[in-house]
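Trainee: I have a model open on my screen, and I would like to learn how to read it. Could you walk me through some features, one at a time?

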Amino acid sequence: MEFVSTQIAGFWLAFTDLATDPVTYVYLVASVFLGIVFGALPGLTATLAVTILTGFFSNKFPLEQSLIALIGAYVGAIYGGSYPSILLNIPGTAASAATAMDGYPLTRNGRGGEALGITTTASFIGTLFGTVCLLIFVWVLLLISRNIASPEKALLALFGILLSGTLMSRDLVIKGWISGLIGLAMAMVGLDPILSEDRYTFGWPYLLSGFQIVPVLMGAFAIPQIMDGLRATVMAAQMPRVGRIVPRFAEVLRRLPSITRSGAIGTGVGALPGVGEDVAGWVSYGVGKASSREGGKFGKGSVDGLISAEAANNAAIGGALIPLLVLGIPGSPPAAALLGALKINNVIPGPTIDPALILRVVAILVMASITMFIMGLFTARVFIMILRIPQTVFLPVVMVLTTIGSFSVGGGINDLFLMICVGLFAYAMNVMKYPIAPLVIGAILGGLFDETFRRSLLISDGDPSVFFSRPGAAILLTLNVLLILSQLPVVQRLFTRLTGKKENAA
Amino acid sequence: MADTTIMRRRDFWTALFLIVVSAFFLYRTSLIPFFRADAAGVQGAWFNSAALVPLGIFSALLLLSFVLLAIAIRDGGATQLLRSKALGFTGGEAERLLCVALILCAYIFLLVPRVDFIACSALLITALIWGFHTGNPVARRLSTLLVLLPALYAGIAHFPRAEWTKPHDDDIATVAAFALLTAVMFAYERRRGPVSRVVRLTPVIAIIVPLLLVIAMAFGFRQNVPNRQGLLFSKIDYHYYVTLKPLWSSR
């Protein structure tokens with residue numbers, strides 16, 4: 001009980017500190033607006049919004065202020081993706097792909113305004129739900145994480161990369177794993193963290209410090225979008241008419257169980273290392289279809305279907321920040337960009353993180369979701385107008401934004417060269433249907449994996465049993481092995497045969 | 001042709017590429033000390049070697065590449081050579097893609113390091129909007145050409161790194177290319193009929209966006225910006241510190 005009251009008191013202190021500072025509102029309104037615009041414009045993503053702002057703020061602004069801008073943009077962008085999904089049947093971000101399944105049929109039935117209103121409310125409640133979970137579970141995990149040593153960290157980083165590769169693949173799972181391995185390989189460039197051995201620098205001094213996170217993120221997420229957007233001529237779409245946007249209170253109350261269920265699923269999936277909002281949306285949609293009374297109407301314009309996707313992808317934000325803050329392992333690609341911002345400011349997330357920073361993050365999330373809610377309900381028509389801007393007009397502007405953002409982080413022109421090379425490579429990977437998220441997660445977690453894996457062996461004097469003699473490590477090793485085994489065709493066939501026999505017997 | 005067959009054909013070539021790359025990096029890894037990994041005053045052993053994790057990564061990559069190759073061959077992906085159609089593009093799309101890639105590479109590798117950021121960004125924005133908005137091949141080719149010309153000039157005439165940030169005639173060449181492209185755009189569009197709103201707004205966006213962005217970054221966000229000695233930014237920088245700043249900082 002004392003823990004709960006201390007938590008609430010700490011949160012309230014951080015919240016009032018933020019709410020009474022006028023600068024907070026300047027950052028919040030601007031960043032949430034920018035985030036919604038980035039989310040709403042097809043081709044721009046939440047990760048890109050957070051990464052570009054990281055370039056703008058980097059280390060010249062106090063971290064407290066930078067975090068307001070970055071988290072505001074994150075919350076806004078995940079929500080903003082619902083606009084084109086609902087109105088045009090074009091997902092603004094991958095996270096809102098499931099939203100289009102029911103959002104667009106609702107718009108075709110003349111209920112676009114209602115869909116936008118209930119989406120805004122579900123996203124708001126979903127974000128708050130994820131934030132409350134963050135506030136509770138981050139401390140529980142922090143207590144546990146004190147027992148986490150190098151072997152567990154190495155295996156957790158590996159699990160994050162494997163899981164991301166498995167769940168993000170649109171084609172063969174092996175492609176997700178290859179993408180993760182390429183990311184890991186990218187992290188090996190530069191001086192190694194233990195012996196300072198020069199690796200794969202080919203005599204270029206810039207590479208001694210390894211690949212910088214921000215140019216890699218910008219290259220991986222911006223350049224492919226720009227190239228793909230300009231490859232095909234897409235004209236601005238005609239906007240359908242939307243009616244009343246503000247939802248009725250009774251309707252929201254009636255949908256509260258669905259919102260809560262989706263929020264819980266979203267937070268849980270978001271907390272898985274390297275997975276993120278898009279998977280959260282689909283998982284929640286699938287569960288909603290199976291459990292909702294409206295399950296049969298899913299895909300034909302069901303409000304419950306819409307809520308399932310939208311509440312979950314926003315709740316995943318809070319979930320994604322749990323492993324980020326506790327272990328330094330991002331739960332989603334935008335959280336990876338946040339990790340980049342924290343590192344630029346010399347903040348290393350993990351068991352030693354400043355508790356005041358966690359409470360501030362929670363307070364910022366609450367304020368950002370309130371700002372998003374107000375903007376979503378009362379300025380939605382502005383965002384609908386923005387949807388009319390054709391890709392060929394805003395993508396060149398994004399290229400300039402990306403260039404100056406990447407340049408300003410610190411590495412100068414070399415960072416730009418890195419950005420374009422990663423971008424062209426990421427575009428080729430996109431064409432070949434390799435997911436980009438595992439590559440980024442691999443590039444970010446590779447250094448941690450290398451250091452902790454070798455340190456584990458160093459401590460145990462080369463005895464590999466260190467990876468299964470500790471209970472935590474044994475569990476994580478089992479999870480890694482099971483994850484790999486579960487994707488092997490032989491195991492899958494065996495599993496299908498076993499479940500088939502059981503069903504026949506029943 | 002079925003999507004899966006096209007995809008496996010791509011996978012066949014990707015797998016071959018990945019096999020070569022992982023074999024090359026395995027060779028590079030073999031150059032890092034493994035069994036006697038003494039470095040930086042630390043006595044090393046195999047489990048401490050800087051080569052340990054890369055060895056695992058590239059071995060796994062090699063293994064997965066062979067698995068991918070096997071899948072591609074099994075699913076009929078090795079029967080024909082890779083063509084643009086097999087990559088999933090039409091001829092027109094492939095040309096558009098090539099033009100975008102050329103413009104982006106010219107901008108990042110040749111223009112941004114050597115030329116004033118406002119000027120080269122204005123040229124980039126104009127080229128990308130006009131060249132790709134309507135899908136007209138003439139507009140696209142002219143835009144690409146007018147980006148490549150000043151970029152190649154800057155790259156060839158001022159290749160050494162020592163010359164990158166110095167003010168040169170390449171700034172003038174870029175501004176001239178921007179003006180020429182804008183003029184060509186209006187002349188061409190007027191000949192085809194009424195000038196669209198996007199075309200009318202293009203020069204405004206092209207000038208305002210980089211101008212505001214660079215001013216905000218340099219003086220608002222206090223961040224580093226490319227080419228501070230550039231033709232236009234050097235003037236802005238000078239007037240900010242010499243003309244404007246004294247108005248509020250000296251009393």
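## Reading the model, feature by feature

Mentor: Let us begin with one residue: Lys433(A) is partly exposed, having 18 other C-beta atoms within 10 Å. Please keep in mind that this is a predicted model.

Trainee: Where does Lys433(A) lie?

Mentor: Lys433(A) is found in the loop between α19 and α20 of chain A. Its backbone deserves a look too. Most residues other than glycine have a negative phi. In Lys433(A), however, phi is positive, near 65 degrees.

Trainee: Which value does phi of Ser196(A) come near?

Mentor: Phi of Ser196(A) is near 55 degrees, again a positive value in a residue other than glycine. Ser196(A) sits in the loop between β1 (190-191) and β2 (198-199) of chain A. Because 14 C-beta neighbours lie inside 10 Å, Ser196(A) counts as partly exposed.

Trainee: Now for helices. How do I describe a packed pair?

Mentor: Two packed helices are described by the angle between their axes and the distance between the axes. Take helix α10 (residues 213-221) and helix α20 (residues 437-459), both of chain A: they pack at an angle of about 175 degrees, and their axes are 11 Å apart. An angle over 145 degrees counts as roughly antiparallel, so α10(A) and α20(A) are roughly antiparallel to each other.

Trainee: Which residues make the contact between α10(A) and α20(A)?

Mentor: From α10(A) come Ile213(A), Val216(A), Leu217(A) and Ala220(A), and from α20(A) come Leu439(A), Val440(A), Ala443(A) and Ile444(A). By class, this contact has 8 nonpolar residues, no polar and no charged.

Trainee: How many residues of helix α11 of chain A are buried?

Mentor: Helix α11 (residues 223-231) of chain A is mostly covered, with 8 of its 9 residues buried. Among them are Ile223(A), Met227(A), Leu230(A) and Arg231(A). The buried residues of α11(A) pack against α10, α18 (391-408) and α19 (413-431) of chain A, together with α3 and α4 of chain B.

Trainee: That brings in the other chain. How many residues of chain B are in contact with chain A?

Mentor: In chain B, 62 residues are in contact with 53 residues of chain A. The elements giving two or more residues to that side of chain B are α1 (3-30), α2 (52-74), α3 (91-114), α4 (117-133) and α7 (197-220). This side of chain B has 48 nonpolar, 9 polar and 5 charged residues.

Conventions: Residues are numbered from 1 along each chain as its sequence is written. Chains are lettered from A and ligands numbered from 1 in the order in which they are written. This is a predicted model: local features need pLDDT of at least 70, side-chain atom pairs count only at pLDDT 80 or more; totals for chains, interfaces and linings use all residues. Two residues are in contact if their C-beta atoms, placed from the backbone, lie within 7 Å. Helices (H or I, at least four residues) and strands (E, at least two) are DSSP runs, numbered from the N terminus. Ala, Val, Leu, Ile, Met, Phe, Trp, Tyr, Cys and Pro count as nonpolar, Asp, Glu, Lys and Arg as charged, and the others, Gly among them, as polar. Axes are lines fitted to C-alpha atoms, for helices over the stretch in contact, and angles run from 0 to 180 degrees between N-to-C directions. Angles under 35 degrees count as roughly parallel, over 145 as roughly antiparallel, 65 to 115 as roughly perpendicular and the rest as oblique. A residue is buried if 20 or more other C-beta atoms lie within 10 Å of its own, exposed if 12 or fewer, and partly exposed in between; C-beta atoms are placed from the backbone.
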